[in-house]
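Subject: A structure for you to explore

Hello! Here is the structure I promised to pass on. Please open it next to this email and follow along as you read.

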Amino acid sequence: MSQSGEDHNEVANWPSNHPPGDWARFAKSDAAAGFEIGPDFKRFSQHDDAFNRAWWDEAIMSPAVRTFYEAQLNPKPRKAEGFGQWDYALINSAWSVARDYAARGRPDGRREGFVDAFQSFLPQSETKAELPSTEETTARIKQVAKFLGAGKVGITEYDERWVYTHSAEVNGSRDERPNELAGNFKSVIVLAHEMDYELVKSYPSATAAAATGREYSREAAIVSSLASFIRALGYEAVGSSNDSAITIPYAIKAGMGEYGRNQMVITEEFGPRVRFSKVFTELELVYDAPKKFGARQTCDVCTKCADACPPKALPHGPPQAVGPNRSNITGVTKWSADCEKCFTYWTKINVDCAICMRVCPYNKDYSKWKWRAMRRLLGTPLRGLMLWLDDRMGFGKRRKPLEWWRRSMTE
Ligand code: B12
Ligand code: SF4
Ligand code: SF4
């Protein structure tokens, strides 16, 4: 039985809900990616993530949850630096395209990009374009994704283990409803979207949260455009952001980077300061290999994110087979967060947090050679020295939001 009391593997309302035995076909690629998945593995229902539970589960519900989003849209600016009218104007402007996309044409309460995949207004062409070799098709798809604005692109096989068994209603109840993602998918194209380095430095604040909002807005536009491109070629493609499936396992297999203690994929190019979107497609493409550059070993000895987390939501010890509560998937050995604590903290500060991203020693501007050199050394036995240096140099310290505004006068 799953943590929400139903046996989701028995649920037949989702197409191609393979029985557990079929998942053995992923054993080789799981080993290459470092995934440890036990026989008790169960797919996850989106109804059980902390955002949705905050609406229906006494264990995490708080009056602040109900006002969290409303208070951001109609803020009562506070005196605290980073929470004034200019700051809320910035966060709301950055989120505005994602918010418009979420609600477009959906009077039924569906929310594209959050609990529903993006719909495509461009019909799938009835003529299937001729495809060159798989290698060339893959290269062209990646080129288009970058042209559309993706910071990085990787591809992996479609793996139904990470597809949510259910989505959640957004009209008050957050009840489970069938996950409507459907298609004859073979590949998942993962797109990375870099978050602004300067803004992330001042997390937590409404100013910094604009860095998250801007990428959700970009994700909506870029991933929908890429899905439309593939549909215009005559092939099935569905664009997705936070909806439909857990993104991190796809991102790791698609070669985006390594999984960190802070619950994020640490990329070589942007560290953890990056967001992901994905396109499910029937196209057969060349899959990328998982990318390793020593981040996992750094996390084994570093606890900066766990130390800095205000509600102590992150683990200090080694990866575990069981997570802290029902908001964690069952049967995967990994570092897992107590997301009841994390999201409750957000509702207290009335803005999202990303301190665990800000303080990570991989959160650097890697366009500069000296930080690239430091990253390389972090992947070697000198990592202890590098972590010490990172502290000495003051990386990870919160920057005052006002300094970001002052930049407008000096640059
Ligand atoms: C819900 C959610 C949250 C919720 C609740 C999570 C929960 N467990 O209930 C909360 C509020 C905690 C949250 C916070 C943040 N989130 Co969040 N979140 C999500 C979301 C929408 C769904 C994840 C989910 O279903 N979790 C429920 C279960 C599966 O959780 P879990 O078992 O603990 O598993 C987690 C990890 O262990 C990992 N994971 C899951 N399965 C597997 C399997 C393997 C083999 C491995 C290695 C890892 C792994 O992914 C899960 C992430 O929550 C994803 C987008 C997506 N669709 O995946 C973004 C996402 C994970 N979040 C993201 C980010 C950046 C953040 C924040 C920094 C907020 C911010 N301002 O940006 C913080 C970081 C908090 C933290 N350290 O965990 C990014 C991560 C990008 C990256 N670099 O990897 C994602 C991918 C969104 C995006 N568009 O890019 N988030
Ligand atoms: S802060 Fe340290 S432990 Fe946390 S994710 Fe980054 S490198 Fe890993
Ligand atoms: S987002 Fe903030 S509260 Fe949540 S785990 Fe990271 S540091 Fe902790």
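Which polar backbone atom is 3.3 Å from a nitrogen atom of ligand 1? The backbone atom belongs to Pro272.

Before going on, here is how to read the names and values. This is a predicted model, in which local features need pLDDT of at least 70 and side-chain atom pairs count only at pLDDT 80 or more, while totals for chains, interfaces and linings use all residues. Residues are numbered from 1 along each chain as its sequence is written, chains are lettered from A and ligands numbered from 1 in the order in which they are written, and side-chain values use heavy atoms, with hydrogens and water left out.

**Around ligand 1**

Phe276 places a backbone N or O atom 2.8 Å from an oxygen atom of ligand 1. The side chain of Asp352 has an N or O atom 2.9 Å from a nitrogen atom of the ligand.

Ligand 1 has 42 residues around it, and Tyr164, Tyr259, Val265, Arg275 and Ile329 come nearest. A residue is near a molecule if one of its heavy atoms lies within 4 Å of it. By class, this shell has 30 nonpolar, seven polar and five charged residues. Here Ala, Val, Leu, Ile, Met, Phe, Trp, Tyr, Cys and Pro count as nonpolar, Asp, Glu, Lys and Arg as charged, and the others, Gly among them, as polar.

**Around ligand 3**

Among the residues around ligand 3 are Cys309, Cys342, Cys353 and Cys356. Helix 11 and helix 12 are the elements that give two or more residues to this shell, and helix 11 gives the most, with three. Helices (H or I, at least four residues) and strands (E, at least two) are DSSP runs, numbered from the N terminus. The shell of ligand 3 has nine nonpolar, no polar and no charged residues.

**A closer look at helix 11**

At its start, a side-chain oxygen of Asp338 reaches to within 3.2 Å of the backbone nitrogen of Glu340. Just after helix 11, Asn350 takes a positive phi of about 60°. The buried residues of helix 11 are Glu340, Phe343, Tyr345, Trp346, Thr347 and Ile349. Buried means under 20% relative accessible area, exposed over 50%, and partly exposed in between (1.4 Å probe, protein chains only).

**Rings that pair up**

The structure holds 19 aromatic pairs. Rings of Phe, Tyr and Trp (its six-membered ring) pair if their centres lie within 6.5 Å; planes under 30 degrees apart count as stacked, over 60 as edge-to-face and the rest as tilted. One pair is Phe35 with Trp162, edge-to-face at 6.1 Å centre to centre and 90° between the planes. These two residues are 127 apart in the chain, and both sit in loops. Phe35 and Trp162 are buried. Why is the pair of Phe51 and Phe343 edge-to-face? The ring centres are 5.0 Å apart and the planes are at 90°, so the pair falls in that class. Phe51 lies in helix 2 and Phe343 in helix 11, so the pair ties together parts 292 residues apart in sequence. Phe51 is partly exposed, at 35% relative accessible area, whereas Phe343 is buried at 3%.

Enjoy exploring!

Definitions and conventions:
Polar contact = N/O pair within 3.5 Å; in protein donor to acceptor, adjacent residues only side chain to side chain.
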